[in-house]
Amino acid sequence: MADTVQGSPVRLLPPTEAARALGLHTQTLANFRHAGRGPEYVRVGGAIRYAEAALREYVSANTKTPTRRAG
């Protein structure tokens, strides 16, 4: 995408690609969106899009460290 936001190029993914990147079904991602969960998204016209950075932030925010490690 040629446009930039705050000086960085922004790549917006359709829900099918965003779901694939997260290892989810597209409908699961839609359910998360409707429930107010899941990664941030933008509406471009009538289309839903996910910024790659938003997907990374979502994964980072939902990464859990086990309280007890084996070994």
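Arg11 counts as partly exposed, with a relative accessibility of 46%. The model is predicted, and a search of the whole structure finds two salt bridges. Arg11 takes part in a bridge with Glu17 and in another with Glu52.

**Salt bridges**
- The side chains of Arg11 and Glu52 meet at 2.8 Å, N to O, and this pair links distant parts of the chain, 41 residues apart, with Arg11 in the loop between β2 (8-9) and β3 (12-13) and Glu52 in helix α3 (residues 52-61).
- Through shared partners, the salt bridges join Arg11, Glu17 and Glu52 into one network.
- The side chains of Arg11 and Glu17 meet at 3.5 Å, N to O.
- Glu17 is partly exposed at 30% relative accessibility, and Glu52 is likewise partly exposed, at 28%.

**Aromatic rings**
- The count of aromatic pairs comes to one, formed by Tyr41 and Tyr50, whose tilted rings lie 6.2 Å apart, centre to centre, with 55° between the planes.
- Tyr50 counts as buried because its relative accessibility of 0% falls under 20%, whereas Tyr41, at 36%, counts as partly exposed.
- The charged end of Arg33 sits over the ring of Tyr41, 5.7 Å from the ring centre.

**Nonpolar core**
- The largest nonpolar core has seven residues, namely Leu13, Ala18, Ala19, Leu29, Ile48, Tyr50 and Leu55, and both α1 (15-22) and β5 (47-51) supply at least two residues of this core.
- Leaving aside neighbours within four places in sequence, the contacts of Tyr50 include Leu13, Ala18, Leu29 and Leu55, as well as Arg11, Arg33 and Tyr41.

Note on methods. Residues are numbered from 1 along each chain as its sequence is written. This is a predicted model: local features need pLDDT of at least 70, side-chain atom pairs count only at pLDDT 80 or more; totals for chains, interfaces and linings use all residues. Side-chain values use heavy atoms; hydrogens and water are left out. A nonpolar core is a set of buried Ala, Val, Leu, Ile, Met, Phe, Trp, Tyr and Cys residues joined through side-chain atoms within 4.5 Å. Buried means under 20% relative accessible area, exposed over 50%, partly exposed in between (1.4 Å probe, protein chains only). Helices (H or I, at least four residues) and strands (E, at least two) are DSSP runs, numbered from the N terminus. Contact means heavy atoms within 4.5 Å. Rings of Phe, Tyr and Trp (its six-membered ring) pair if their centres lie within 6.5 Å; planes under 30 degrees apart count as stacked, over 60 as edge-to-face and the rest as tilted. A charge sits over a ring if NZ of Lys or CZ of Arg is within 6 Å of the ring centre and within 35 degrees of the ring normal. A salt bridge is a side-chain nitrogen of Lys or Arg within 4 Å of a carboxyl oxygen of Asp or Glu.
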